[in-house]
Amino acid sequence: MKIIRYSGLVFFFLLIITIACKEEQYVYEVNEVEVNPNNSGKNKEKSVSQFISILYANMYQKALSPDDLVEITELIASIGDKKIAYETVLAKMITDPDIKIPTNGEMRSNIEQFVIETYKRFYVRLPTEAEKTYLTNYIESNPDVTPILVYFSFATANEYNYY
Amino acid sequence: MKRRDFIKKAALTTAGTISMPYILPTGRLFASTGSQMAGHVIFVMFAGGVRQQESMGKKYLAESQGLDIEGNIMYNMLAGDAPELKIVYGVDTTDGQPGGQPIDRILNTTLEKQGTLFKEVRYTHGGTGHFVGLSTGVSGYYGITQGLQGRPQHPTIFEYLRRHAGLKATDTWFIGNGINNSTPLLNYSAHPDYGRQYGANFFAPNVTFGQQGQDHLKGFLNFHPDEEMSRIDEMREFLNHAYLANGHEIPHLYNTDEERYNIKQFIENTFEQLDNNQIAFPPVVDNGDLSTIGYATEVLKWFKPKMMVINMFAVDSCHSNYTGYLKSLHRADHAVGHLWKFIQEEVPEMANDTVMIVMPEHGRNYESNAITDVNDWFAFDHDSDANSRRIFTQMVGPCVDANLIVGDENNPVGNAADVVPTIADIFGIKNEVFAKGLLHPEAMSLFDRI
């Protein structure tokens with residue numbers, strides 16, 4: 001009988017100890033990482049006015065005026081093939097000396113960084129290693145490729161039309 | 001080779017040629033089953049809503065304003081003398097009389113004499129609204145449940161031609177009077193078996209080359225295809241490949257690279273022509289329809305399209321301005337006359353090889369509304385009454401009978417949905433188009449109605 005009484009007491013204390021035990025928490029110190037969307041989630045098509053507003057902001061680093069937005073949106077509507085419409089409107093913008101675009105020298109002084117910045121500017125994400133490597137090598141090996149041609153390619157590629 | 005072997009092999013070859021499908025460049029399997037009647041078709045949507053009384057009836061003011069003055073103000077298209085009194089539809093006279101000087105006729109022989117006129121055609125289904133009328137014209141199907149901001153539900157003539165006759169994108173053009181009333185949505189349908197990969201190129205040239213184009217397009221940098229553009233294409237191909245998993249793309253009409261460059265060159269050239277006053281506008285160009293026709297002739301000259309639809313619209317001023325309507329009707333006739341003359345005289349590749357079809361998208365009411373204009377003349381709407389379902393269809397060109405009038409008010413012949421099968425007939429793909437079963441059930445080729 002005594003054994004039964006003491007074992008009950010021991011069980012009670014063991015239970016208290018178990019409940020009172022707290023799992024040790026580990027804190028890992030890691031560097032802060034900027035999380036950018038990858039392109040797989042971009043499946044909503046930009047409206048024409050969204051496309052134009054964002055394109056203008058990317059090229060001029062300032063907002064498009066409401067009057068110009070209306071005019072360009074109407075212009076885009078007047079051309080059936082949107083690829084042609086977007087390409088020609090952008091091709092007009094790049095003739096404007098006010099657009100904010102790196103010089104060829106700036107691009108070639110650090111091509112890898114230029115590629116990263118271009119992805120962030122147009123696609124709001126970082127390039128994958130494959131993308132970074134390919135475009136860096138491409139620009140390096142083709143001296144006739146200018147920042148304008150790179151910007152034009154990014155702004156008229158399919159990913160730019162989606163968010 | 002023995003005679004027996006030769007005959008056997010020849011027979012096998014012949015049988016193989018007959019039974020093996022031929023894959024055309026556009027991917028279609030069989031050549032068209034019909035014979036082609038002409039190399040080019042121009043369909044003018046004489047749109048905005050035209051009353052039969054002032055067009056086919058040549059009644060001028062007699063069946064609208066209670067004035068006993070009749071006459072023909074469409075004397076390039078129709079035979080008959082012009083009104084002699086209360087002339088308001090022309091250009092202003094030198095002494096300041098508004099509209100007092102009728103515009104000189106362009107064609108020596110009216111289209112009525114040159115071709116076939118279906119004088120009483122019916123718009124049989126749905127309300128007489130612009131967009132349903134226009135989409136019926138280009139698709140041969142009354143989209144009576146058609147949303148006003150949606151593409152036609154059934155394939156357009158452009159899609160039939162690109163898919164079944166193997167036309168390329170720049171062979172097919174839709175020239176719109178503007179960008180309102182969903183006009184830019186008429187160059188291809190929302191039908192899942194067709195769509196934009198078979199769509200027509202489109203310009204609303206009064207916008208493309210108007211103030212909007214002057215401000216934001218003129219002077220654009222057209223990259224050379226063998227130099228800068230080849231670099232862009234290489235980088236873009238890589239970028240698109242990285243994004244291909246999503247299957248999304250910029251909505252385009254599957255113009256080839258060469259076609260895209262050609263269209264850009266056309267845009268550049270048109271701005272230059274404008275600066276040099278060399279656009280082939282009609283002799284009088286004082287409204288949007290006339291400038292639209294002028295730009296359309298530039299497209300004709302540059303691309304020599306197989307199929308072009310041109311939309312006019314100014315006569316819709318009739319909702320509130322009857323005098324303006326008469327002016328616009330007179331100018332629409334001027335525009336058609338100029339277009340036909342231009343094709344015959346300025347585009348040798350299309351002269352004598354082009355069929356032109358002219359049809360309003362719907363009519364207008366018999367009874368006026370209460371709005372009066374500067375001449376105290378009443379205006380007319382289009383509310384689906386019997387009169388607004390009365391239209392006409394005019395055809396001219398090779399393979400079209402000359403000086404033939406079909407139907408009259410008591411014996412209407414033709415349907416607003418007939419134009420698509422008629423064009424399919426001209427291009428020799430009528431059977432293929434009917435076989436798809438997507439036309440209005442009463443639609444027929446007008447050649448079969450004669």
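The model is a predicted one.

Chain B contains an open sheet of eight strands. Their order is 4-3-5-1-6-7-2-8, and the pairing is mixed. Strand 4 (201-203) and strand 8 (404-406) of chain B form the edges, each pairing on one side only. From one strand to the next, the twist averages 15 degrees.

Helix 4 (residues 157-164) of chain B lies across strand 3 and strand 5 of chain B. Its direction is at about 170 degrees to strand 3 of chain B. Helix 9 (residues 288-303) of chain B also packs on the sheet, where it touches strand 3, strand 4 and strand 5 of chain B. The angle between helix 9 and strand 3 of chain B is about 165 degrees.

Helix 9 of chain B has 16 residues, which should span 22 Å at 1.5 Å a residue. The end C-alpha atoms are 22 Å apart, in agreement with that value. Twelve of the 16 residues are buried, so helix 9 of chain B is largely enclosed by the rest of the structure. Among the buried residues are B:D289, B:I293, B:Y295, B:E298 and B:L300. Their cover includes strand 3, strand 4 and strand 5 of chain B. It also includes helix 5 (205-208), helix 8 (257-275) and helix 10 of chain B. Just after helix 9 of chain B, B:K304 takes a positive phi of about 45 degrees.

B:S320 lies in the loop between strand 5 (307-311) and helix 10 (322-346) of chain B. B:S320 has 15 other C-beta atoms within 10 Å and is therefore partly exposed. Leaving aside residues up to four places away in sequence, B:S320 touches B:I371 and B:A379. B:S320 and B:F174 are 146 residues apart along the chain, and 28 Å separates their C-alpha atoms.

Between the chains, 41 residues of chain A are in contact with 43 residues of chain B. On the chain A side, the elements giving two or more residues are helix 3 (66-77), helix 4 (82-93), helix 7 (129-141) and helix 8 (147-156) of chain A. Helix 4 of chain A gives the most, with eight residues. By type, the chain A side divides into 18 nonpolar, twelve polar and eleven charged residues.

Key: Residues numbered from 1 in each chain as written. Chains lettered and ligands numbered in written order. Predicted model: local features only at pLDDT ≥ 70, side-chain atom pairs only at ≥ 80, totals over all residues. Contact = placed C-beta atoms within 7 Å. Helix = DSSP H or I, 4+ residues; strand = E, 2+ residues; numbered from the N terminus. Nonpolar A, V, L, I, M, F, W, Y, C, P; charged D, E, K, R; others polar. Buried ≥ 20, exposed ≤ 12 C-beta atoms within 10 Å, placed from the backbone. Pairing = 2+ DSSP bridges. Axes fitted to C-alpha atoms, helices over the stretch in contact; angles between N-to-C directions. Expected span 1.5 Å × (residues − 1).
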